[in-house]
Amino acid sequence: MASKKPAAANPGRPVPGSDAATAESLKTLPMQEVQHQLGTSPDGLGQVEAAKRLIQYGPNEIAEHHANALLKFLSYFWGPIPWMIEAAVILSAVVGHWPDFFIILVLLLANALVGWSEERQAGNAIEALRAKLAVTARVRRDGTWITPAARELVPGDVIRLRLGDIIPADARLFEGDEIEVDQSALTGESLPLTCAPGDPVYSGSIVRRGEIDGLVYATGANTYFGATAELVQGAHTVSHFQKAVLKIGNYLIILAAVFVAVIVLVSLLRHDPLLTTLQFALVLTIAAIPVAMPTVLSVTMAVGARILATKQAVVSRLVAIEELAGVDVLCSDKTGTLTQNSLTLGDPFCTDGVTAAEVIIAGALASRADNDDPIDLAILGGLSDPDALHGYTVTGYQPFDPVSKRTEATVTEKGAGTGTEQPTFKVSKGAPQVMLALATDASAVKSAVDAAVNDFATRGYRSLGVARTGPTGDWRFLGVLPLFDPPREDAAATIATAREMGVEVKMVTGDALAIARETAVKVGLGANILDAAGLGEVQKTESAATAESIERADGFAQVFPEHKYHIVEVLQQRGHIVGMTGDGVNDAPALKKADCGIAVSGATDAARAAAAIVLLTPGLSVIIDAIKISRRIFQRMNSYAMYRIAETLRVLLFVTLTILVFNFYPVTAIMIVMLALLNDGAILSIAYDNVRYRSQPEAWNMRVVLGIATVLGVLGPIAAFGLFYLGDRVFGIGRPQLQTMMYLMLSVAGHLTIFLTRTRGPFWSIRPARILLFAVLGTQVIATLIAVFGLFMTPLGWGWAAFVWGYAILWALLSDRVKLLAYKVLDPAVALAAGGGHKIR
């Protein structure tokens, strides 16, 4: 029989529902009016009309703002460090040093390509992950049920919702049996919601019981929780890593500017040719450029991202690794993260003369396993003996009725030894007050039952009353069954480990205060739980007292999405580096706002898109591994940053002072470029170095980084001038050969510096990784051969090369002792604990 399709009959009619306000009205109108406004019927839409509406409304998904790939690539050429490299390229062209020009240009392009490709690969990993989780929907089109991708749904579509389905869009239910919907991914509430015909159900929820058709009235960003996802787009943070790199770049720019200005001024006073002055500036600019710094730091984080991937954690933002190392407050959602997101039966309350087993059996008889109802499954799972129900036969069953608020079963019990069956009793379970109203002995047990229910509520349990008929048919109250969402097995241990590592965990949940407090105590967080309703307007600036209470709280209850965002913001304003775990749409804004957002296993698409790290395995324990790995990576980046600053300062000081004092180029421009190629190329291997992570959150201490680097950077020129004096005044080496000697000195001593900056204690306190050791030795063998045989320079010879090596090693040993003294002055706590930490290979 041909079905009537109102939508097709009105092809030019505008269909409402294209904004959140209209969708809100469609949520409450009578179903007939909803169908009329949407131009549809229970038979659904036609394919042609659906295609038109898909163009009108757009895909049924939360739009993500993707940066233009070209603009993203070009962004790697903007900033203090790229500016310095670009300045060197321009100066090379101006003075006609074309080999320098092309070498530096290649380094500039390589740096941008590495950074861009690493971030692109991380983004592709997330996109691939999202593709695997694509949701389909069962939709009625042209009178036939089909299963297109959920993103193709439009307002007016008729969909079939079945047990286990993820509801693909906001819909109103047609006539049929009630269903139960799990909205924990949206609201944080672990208990399912019973939905009757005409009720709205929301995108992202899961059907836990029943089957029914629904009418889609809102899709994409216009869904009930679509506005929440839009908050994600407004959250933007600048990472501490980016801030640190900018500070280092600015420090080097200032150094270069000062030294270049001095050289230019002196050159003008000496009446040197302008071209010579530009050559001076070129040499110093090249010397000051930390050419490989962005690349090394990006590669280091990329290596860490691959290690985290082996731990089933996908990194979508590389800088999140550095942020995770500094996290000192971890805000964790409750349902499904700290708890199992599954109801479990607790120890029941029993009236006089009734055992716990009898209460559970009676409740189990009033339950049905094939309904897949979480409450029924929890009660059936609480049976101590799975065969306990074999002696009974349920001859009649009345499912849960939202009006009567109870289930009822008629049960026959096998006669003892006779093999016959005889009707014996009825059982019922439901709200305790309903069971009391049903029982004839209510007056005798009411006070005890009320006390038990209140006690369970205080402890965060949901209560169900159980009653049974006696021989006369009168109902007798048996007891109360407490249901709760148990903590994950690893939650308490994970939280304890986090505290040992200096990370404070705070629970953030939409559950009631009593449930939140009970869960927090069980996982070892503490009972200081704040009611988020008392936080006031989320946009306002909190008072100092309220901000302090947020900082000191063990967790927060009855939290809405805006509250989560606000809590993270307040903690950040109090100076904390905040991590946030979550899995639902309501977690997405806070995940984006946090310094490190972590989407846990099973998270919604919105949460995955907002998070910086996505976990593929359940539980929080992998986060501890991720923190350890991130702290190891941080140590490598910290070591490299000090090395790079020290080397830049070493070359700047030595070249500038030599030019000022002796009016002599100690090295040529091509020597400086070769130093950059060999040293910075090998230093990439620091991404795999052995390090010790600390048991406290890491942070960029620029006073220490710049202080230690400056000390080592000043020692370098002292050593270089000592060698220069020996070669020029004592041994009488000619100036061209002296330049080669100084090149080899800067190369060897420069790479030895990395062995000093990679440890807080003596350089031998942590054995370097083989790849780092071989990379350094390999490049210095090449540098030695270049100097010995005179490639692009005057040959030095093996004897003088050996002398340079011995001289550089002696100064490295002396510099290491000075470094320890510098640590004692700049950071006594670090110096004291230099031999501590945890070694990870």
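The following questions and answers concern a predicted model of a protein.

Biologist: How many helices and strands does the secondary structure come to?

Modeller: The protein has 841 residues, and buried residues make up 54% of them. Among contacts between residues at least 6 apart in sequence, 73% join residues at least 24 apart. The secondary structure comes to 30 helices and 26 strands.

Biologist: Are helices α26 and α27 roughly parallel or roughly antiparallel to each other?

Modeller: Helix α26 spans residues 702-730 and helix α27 spans residues 735-757. Their axes are 10 Å apart and the packing angle is about 150°. Angles over 145 degrees count as roughly antiparallel. The two helices, α26 and α27, are therefore roughly antiparallel.

Biologist: How do the residues of the contact of α26 with α27 divide into nonpolar, polar and charged?

Modeller: On the α26 side the residues are Leu712, Ala719, Ala720, Leu723, Phe724, Gly727 and Asp728. On the α27 side they are Arg735, Leu738, Met741, Met742, Met745, Thr753, Leu756 and Thr757. The residues of this contact divide into 10 nonpolar, three polar and two charged.

Biologist: Is Asp157 buried or exposed?

Modeller: The side chains of Arg141 and Asp157 meet in a salt bridge, 2.7 Å from N to O. Arg141 is in strand β1 (residues 139-141), while Asp157 is in the loop between β2 (144-146) and β3 (158-161), 16 residues apart. Arg141 has 5% relative accessibility and so counts as buried. At 0% relative accessibility, Asp157 also counts as buried.

Biologist: Which residue forms a salt bridge with Lys522?

Modeller: Lys522 is partly exposed, because its relative accessible area is 34%. With the closest N and O atoms 3.6 Å apart, the partner of Lys522 is Glu518.

Biologist: How far apart are the closest N and O atoms of Glu551 and Arg574?

Modeller: Glu551 is in helix α20 (residues 544-552), and Arg574 is in the loop between α21 (561-573) and β22 (578-582). The pair, 23 residues apart, links distant parts of the chain. The closest N and O atoms in this salt bridge are apart by 2.9 Å.

Biologist: Which residues of helix α14 are buried?

Modeller: Helix α14 covers residues 356-365, and seven of its 10 residues are buried, so the helix is largely enclosed by the rest of the structure. The buried residues of α14 are Val359, Ile360, Ile361, Ala362, Gly363, Ala364 and Leu365.

Biologist: Which residues is Pro82 in contact with, leaving aside its neighbours within four places in sequence?

Modeller: Pro82 is found in helix α6 (residues 80-95), and at 10% relative accessibility Pro82 counts as buried. The C-alpha atoms of Pro82 and Gly249 are separated by 9.4 Å, although the two are 167 residues apart along the chain. Leaving aside those neighbours, Pro82 is in contact with Tyr76, Phe77 and Leu108.

How values were computed. Residues numbered from 1 in each chain as written. Predicted model: local features only at pLDDT ≥ 70, side-chain atom pairs only at ≥ 80, totals over all residues. Heavy atoms only, no water. Axes fitted to C-alpha atoms, helices over the stretch in contact; angles between N-to-C directions. Helix = DSSP H or I, 4+ residues; strand = E, 2+ residues; numbered from the N terminus. Parallel < 35°, antiparallel > 145°, perpendicular 65-115°, else oblique. Contact = heavy atoms within 4.5 Å. Nonpolar A, V, L, I, M, F, W, Y, C, P; charged D, E, K, R; others polar. Buried < 20%, exposed > 50% of the residue type's maximum accessible area, 1.4 Å probe, protein only. Salt bridge = Lys/Arg side-chain N within 4 Å of Asp/Glu carboxyl O.
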